[in-house]
Structure formats: structure tokens, C-alpha cells
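User: I would like a close look at one residue in this model, then a walk through the parts around it and beyond. Keep it brisk, and give the cut-offs as you go.

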Amino acid sequence: MSKHCFHCGQDIDDTRIEFDEKVFCCTGCKTVYEILNQNKLENYYELNSKAGIKPEKGQTHFEFLDTPQIFDKIIDYSEEGITLVTFKIPVIHCSACVWLLESLKDINKNIVYSTVNFTTKTVQIAYRSNLYKLSELAEFLTDLGYKPVINFETADKKPEKVDHTLIIKIGIAGFAFGNIMLLAFPEFLGDEGDIWLAQYNYLFRTLMFLLSLPVVLYCASDYYKSAWGALKHGVLNIDLPIVIGIFALFFRSCYEAYAGISNGYFDSLCGLLFFMLLGKYFQQRTYKSLAFDRDYKSFYPIAVTKVDFNNKQENILISNLKVRDRILIRNNEIIPADAILIRGEAFIDNSFITGESRLIEKKNGEKIFAGGKQVGAALELEVIKEVNQSYLTRLWNNEAFKKDHSRLDTITNNISKYFVVVILAVTISSGLYWYFIEKNTSQMYQVITAILIVACPCALALSAPFTIGNMMRVFGRKKFYVKDAITVEKLAKINHIVFDKTGTLTLNKATQITYEGEELTAKELRNLKAVLQNSSHPLSRSLYEFLDVPNEYIPVENYEEIVGKGIKGKIGNTVFTIGSSNFVNHEKDIKQETSVYISINGVNKGHYIFRNQYRENIKETINSLKKYKISLLSGDNDSEKNTLEKIFPPETIMAFNQSPQDKLEYVKNIQSKGDRVMMLGDGLNDAGALKQSDVGMAISDDVNSFTPSSDAILDGSNFSYLPEYLKLSKKALIIVSICFFISFCYNIVGLGFATSGRLSPLVAAILMPISSISVVSFTTLVTQFIGYKTFKYKQSK
């Protein structure tokens, strides 16, 4: 019998549900299968077997969506009973997901149509709002396993700014290049004796000139702006010699076409600009489904329940929260603003804010910071600071989030400073030589034009975009997603790596469990598992799955769960008490480790210790990074310091109980000493340090889920490839340098002929595209080969 769920494909460890000769891991997966079958949509499984998403357990709260103010903010359109709404659904991952979500109208008669945008992971749904509530639609999607993400950010419906300017420029340059080549083709074959060609030759040249105008005036405009902007600041960049080369080609072509000498070099000019724009597009392409610039809005809910002094409840937007407002926070809801606890038992999970994994108990009158999550019964809080003034949101007002990271002396610009000076010096000296010594003015103009054409650094300009663009795609295939090309260059130059602990070095959803105390009998273990089965607390679920005893139905009497403390249950005449040391009246309280204590009939038996489970091959990975300076910052306590000291080199600096501000200041401090820093983190508590560092890398076990603002996103399953990513970023710069050398060889040979007057502008115009094509071909092949060889070697070890 299959060990995997027929719907979602997950391993079946405990609960096994059999239905229709198939096996499911939970009632949710079975229910979705039934819904699909009843509506004759079983083809879903033929598109992609085990493509289903396991529905989330627990109660969902979407009632706030029906509040008029929130409803108006969420929806796209509503008229005459038909409403259009777009939901963000990160779990969309394959063709079967798209097919199912676009077949919703066949399952639910209240849905008119649905359209999926796979790139942005969104679905747009038109439904009959006079018969069906928005909250019901959200719950329907959740039951299918496609829970919509509705937060402060997704509700802020700013129109997506899609800049098609570069695509338009590439299209115009490509169109002009192709047509000019066709018009110039007859002259390449020779038109001697052809009366028709001779008669219309002037028309062809006029058309070529007109076709080249939009390319020179519009398509090349970015190069003009860049060169002029650099000159205004007293800087020489790579775009200046490119602009000089463009003007030399264009005006020389205009002269030769007008004088009837030849067709000019309009085809070479348009072709070069076409390839350079293509290289720019190749470099700018990124992973649109990933968000590199997230802030607290991606984490906060859109609405909260406000309570007045008459205990009347209403859902309001969190942006409308004011000081002294009272709010209701339910189980697993995020606290959106700093507040005082008025009523209820608060057990706050601050793991996503501080990195501390333990629940923190709060008493009435104590302050609770924004960003924490309540675990347990509902709370009533009084807001003491507005959302944009809370502790968490103030972190985003830090100067680290406002600084400009774009000012980087890239390898191309560093080379161009000297390249421009040399080319201009050679051009001027050659012109002076032919004018004063050889006294040949016509030859002087030809030499100057040939130099400027052959020395146009097009191959130089294409080297970095194509090399780094190719390397970014090599990274992407191994689940390492880089924001832009500059990040790859910065990655190659770092010398200090700073690690967060929880969620970065450890697995979020896995723990190592050990037992200390009196050995439990097989019967006691079976009964203990039966009591644990009734609890939904994360530690109870982890311990339940850990206990390696058969699953039996054992009735539990007088079951009681006290949130934040523990559970009790009676089996026969035996009472089991499970929870914190205080709850079971245990003598010894190990405060530095997360533990669950066991008491049977009032007798303390022992406790299970929960430790973080570190990522696979973590020690080998860290050992491969020993040539870098390494630091470890954790918001958690130092209970695992001994374990970490075995993983990291002896010289590693370790700091625990670090607040988000502490992490940011640490990174800033080591940068002030000259270090180039890469920070690796996973949560909001790392956001400031990630932004402050030269390269901020967010680690996520699901790259479509929440990740803080960063320069790169690394899938946690490929964490062990981190040394390889760093090596390849360095190799990318070496490949760029080799491409520069090839380009310089072309330029040196070409300049030698040009300065001596033995190189015509025509030959120079042919040399330009040959050098560019050879450089692009070389870098593409070498980059792909090195990437393949590096990862194949890693896998063979």
C-alpha cells in the first residue's frame, strides 16, 4: 500500500485514511478529492500526480472581509451583483494548480470565472456577490488547499509599474537592423551593371538613414544620459566611449551615403545597439514571482477586530487604529501595534521578531510589542502606539532602509576609466600625426573614424551583462535567486559572513527530541501518546509524532488543556499530567532548554528536551567557509552554545539574546572596520541587518512564503551549496576579466591597423560585431560549463 497521500503526496506517518481504493494523509485531502470527483474534475491528478496542496487545519477567520470598508479595499470591481477580486496564493506551483483554480466555476456555482497569473501567483475571480460572501469565497479556497494571503501589503493595491521601454527599444533596434541589412544586401553582392539597383540606390540609402534615426535618437538614449550624467560628476564610465563610437559610426555613415561612396555602416550601428540592448535585458531579467523588497506590511494583517466600551465588535483596517483603541486578538493572530494587555491569558510567540522560540507569558497591564503572535485564548488589548510608530515598524525607518546601495564601482566602470583615457589619447595623437607630419587631411579623418569605430567598447560592455546574467541563471537552477547583477559582484567581494541561528542554521519545522528521567513502560508510552493526540499545541504534536509506539484508539477521560501550561487526561485509573515544570510540580526547572515534563498519578517521571535540528551537512558547509571571517548572532538564548562551538571554527564570534537593533549595529560596526559583510537571516528580526549588510541573503524553506527584504533568496534545502555560490560569483568576475582581455586583443590589433591608416571604416565596422559575438559566445559557454562542473563535483562528494 502507498506510503504517500494520493492528493498531496506527503508521507503518511500516523493517520491513514482509505477511500475509493486510495490513501490520504488527512480528512482535508480526502475531502478535496471527493469534491473534485463529484464535479468530474478528476483530470486534475492526470496533469500532475500528487500535485494537491494539503488544506490547513484549524479555524480560519475571514469574516472581516465582509466589512464594507475592508471589502471595498480588497475587491477590484463590483457592479450589479458581480464582484471581481484578485487573491495572492503563494502555493500555486504547477499546471495542475492552474487548471484547478481556473475550473472553480465547475465546483462552485457562485463563481462566474477565474483566471490565474502563474508568474505573480495570483488568481482573479468573478463571483456572484449578491448570493455569496467574500469571506465564504476565501474559506472555499482555503478548504481546497489554496489559502489566499490577505495582509497589509496585498490590500494596498498599487498598480504594478511595468516598464516596457527596454522591450520597445529592442524591438525598434531589431526591426531597423533586419531591414537595413536587407536594403544593404544588394551592394554586398555587387551592383555593377545592374541599372535598376543603380537607379534606386539613393532611395535605399535614404531609407537606411531614416530607419537608423529612431535607433540613434531613441534606442541609444540611455547611453547618452549615462555618459552625460557621469561627466557632470567628473567620472568616466563605459558609456562614454560607446557614445563616441555610435556618433562616429552614424556621422561617417551619413557622410558616405550622402557623398555616394557607399551605403555606410547603418547596419553595423543598429546591430550593435540591438545586441547591447539585448544584453541589458538579459541582465535585468529577474524572478518576478519573488519579492526582494518586503517590509512589515507583508507580515501584518489587513484588519483587526476593534472592541468598544459596550463590548460591541467591528472589523477595521489596521491603518485606522488609534491610540487608546481596544482590540481583540484571537489564537494565532498577529498583534499589529504596541499595546497593553487588558484581559485574557497572553502567551506570545515572538520568534519571528526576536528569534526567541519560547512562548512569553504576559500579565494584565504588561506591554506587548507589535509583531508577536498570540497562542491560546482571545485577548483584549489597548493600543498605546499607532501602527507606524510601533517597535517593529520603527525598524524600517532606520537609515539602513533608506541608503542607496546602487553606487558601486563595478568592474566594468573601473576598467572604463582607463579605457576612455587611452582611446582618446590614441585618437588625438593619431589625428595630430596625420595632420602635421603626414599632412594628409583626408587620411586623418579616415584614421580618426576607424579608431573610434574599432575601439567602441561594445564587447567590453557586453562581457559583464552576459556573464553575470548567465551566472544568475545557473544560481536559479539551484534555488538561489539573486536580485540583480550588482549583487553577484558584491557577493564575490565579501570577506565576513554573519549568520542568524534560528531558521537559518536550523530547520523551522523540525526538532531533535531526547528523554531524561525514569524509563517509561510500553503501556505508559501508548497511553501518553493517546493523551497527546488530543492537543494541537506544536510541542504536543512534535512529541506525539516522535513517540515510536503503535497508534491505538484509547479513550481519554477528563481531558483538560490549559493554554501555555499543559494538558491533563485520565486513562482508566491513571492520570497523566504533561506540560511545563511548574504545571506538573517538577522540582527541577531547566530554563535554558525547551522541555515537556511528564507526571503519572502525581509522580514525576522525567522530561523530553526539544533541541533545534540543524540543517543537513551544516558542519561541512561552515568548514568550507573557513577562509572568511564568521560571526553568529541569535535572538535566542545560549542554551545551544556548546553545540554551535562544535560546528563553527574556534575564532567565530558568537552573540546571543540579540535584538533586531543589536544585529543591525553589529553589522554596521564591522563594516566601519573595512569588512564587506554578507548577512544570512530568515525573519523580520534580521531585516535591519540584512538591509545594512553589503549582501543580505534571506533563507527560506519556501521561497514563495514571507521573506524579509534582501538582495538574494536561498532555498533552505540548498543551504549546503552556499560555498559553491560564493566560488561561482568569484569565477564569474574571472570570466568577465577574460572577456575583457579578448576584447582588448581585438582593440589592440584593430588600433594598430587603424592608426597606420591600413584599416578602412568598413573593415572596422565588420570587426566590431565579430568581437562582440565571439565574447558573448565565449562567456555563455564557459559560464554554463563551470556551473555544471561545480555542482556535479559537489554532488559526487
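Does glutamate 519 count as buried or exposed, and at what relative accessibility?

Analyst: This is a predicted model; local features need pLDDT of at least 70, side-chain atom pairs count only at pLDDT 80 or more, and totals for chains, interfaces and linings use all residues. Residues are numbered from 1 along each chain as its sequence is written, and side-chain values use heavy atoms, with hydrogens and water left out.

Glutamate 519 counts as exposed, at 69% relative accessibility. The scale calls a residue buried under 20% relative accessible area, exposed over 50% and partly exposed in between (1.4 Å probe, protein chains only). Glutamate 519 sits in the loop between strand E18 (506-517) and helix H18 (522-532). Helices (H or I, at least four residues) and strands (E, at least two) are DSSP runs, numbered from the N terminus. Glycine 606 is 87 residues away along the chain, with its C-alpha atom 8.2 Å from that of glutamate 519.

Next, the hairpin. E22 and E23 pair in the antiparallel sense over seven bridges. Pairing requires at least two DSSP bridges between two strands. Serine 599 has asparagine 604 in E23 as its bridge partner. Two residues lie between the strands of this hairpin, and asparagine 601 takes a positive phi near 55 degrees there. On another pairing, strand E21 (residues 574-579) meets E22, also in the antiparallel sense, over four bridges. Phenylalanine 576 stands opposite isoleucine 600 in E22. Strand E22 (residues 594-600) has six of its seven residues buried, so it is largely enclosed by the rest of the structure.

Asparagine 558, in strand E19 (residues 557-562), has phi near 55 degrees. Asparagine 558 is exposed, with a relative accessible area of 62%. Asparagine 657 has phi near 55 degrees as well. Its place is the loop between E25 and helix H22 (660-672), and it counts as exposed at 52% relative accessibility.

E25 leads on to a sheet. Seven strands make up this open sheet, in the order E16-E28-E27-E26-E17-E24-E25, with mixed pairing. Strand E16 (480-482) and strand E25 (653-655) stand at the edges with a single partner strand each, so one side of each has no neighbour in the sheet. On average, neighbouring strands are turned by 15 degrees against each other, direction ignored. Angles run from 0 to 180 degrees between N-to-C directions, using axes fitted to C-alpha atoms, for helices over the stretch in contact. Inside the sheet, strand E27 (residues 695-700) and strand E28 (residues 712-715) pair in the parallel sense over four bridges. Alanine 698 has isoleucine 713 in E28 as its bridge partner.

Helix H17 (residues 485-493) lies across E16, strand E26 (677-681) and E27, at about 100 degrees to E27. Helix H24 (residues 722-755) lies across E16, strand E17 (496-500), E26, E27 and E28, at about 150 degrees to E26.

Now the interior. A nonpolar core is a set of buried Ala, Val, Leu, Ile, Met, Phe, Trp, Tyr and Cys residues joined through side-chain atoms within 4.5 Å. The largest has 52 residues, and Tyr223, Ile246 and Leu273 touch the most other members. Setting aside neighbours within four places in sequence, leucine 273 is in contact (heavy atoms within 4.5 Å) with Val215, Ala220, Tyr223 and Ile246. Another core lies apart from it, with 44 residues, including Met472, Val474, Leu644 and Leu728.

Last, the rings. Rings of Phe, Tyr and Trp (its six-membered ring) pair if their centres lie within 6.5 Å; planes under 30 degrees apart are stacked, over 60 edge-to-face and the rest tilted. That rule gives 19 aromatic pairs. Phenylalanine 209 and phenylalanine 250 are stacked, at 6.1 Å centre to centre and 20 degrees between the planes. Phenylalanine 209 lies in helix H9 (residues 195-219) and phenylalanine 250 in helix H11 (residues 239-259), so the pair ties together parts 41 residues apart in sequence. Phenylalanine 209 is partly exposed at 28%, while phenylalanine 250 is buried at 8%. Phenylalanine 546 and tyrosine 608 form an edge-to-face pair, because their ring centres are 6.3 Å apart and their planes stand at 75 degrees. This pair links helix H19 (residues 538-546) with strand E23 (residues 603-614), 62 residues apart. Phenylalanine 546 is partly exposed at 39%; tyrosine 608 is buried at 4%.
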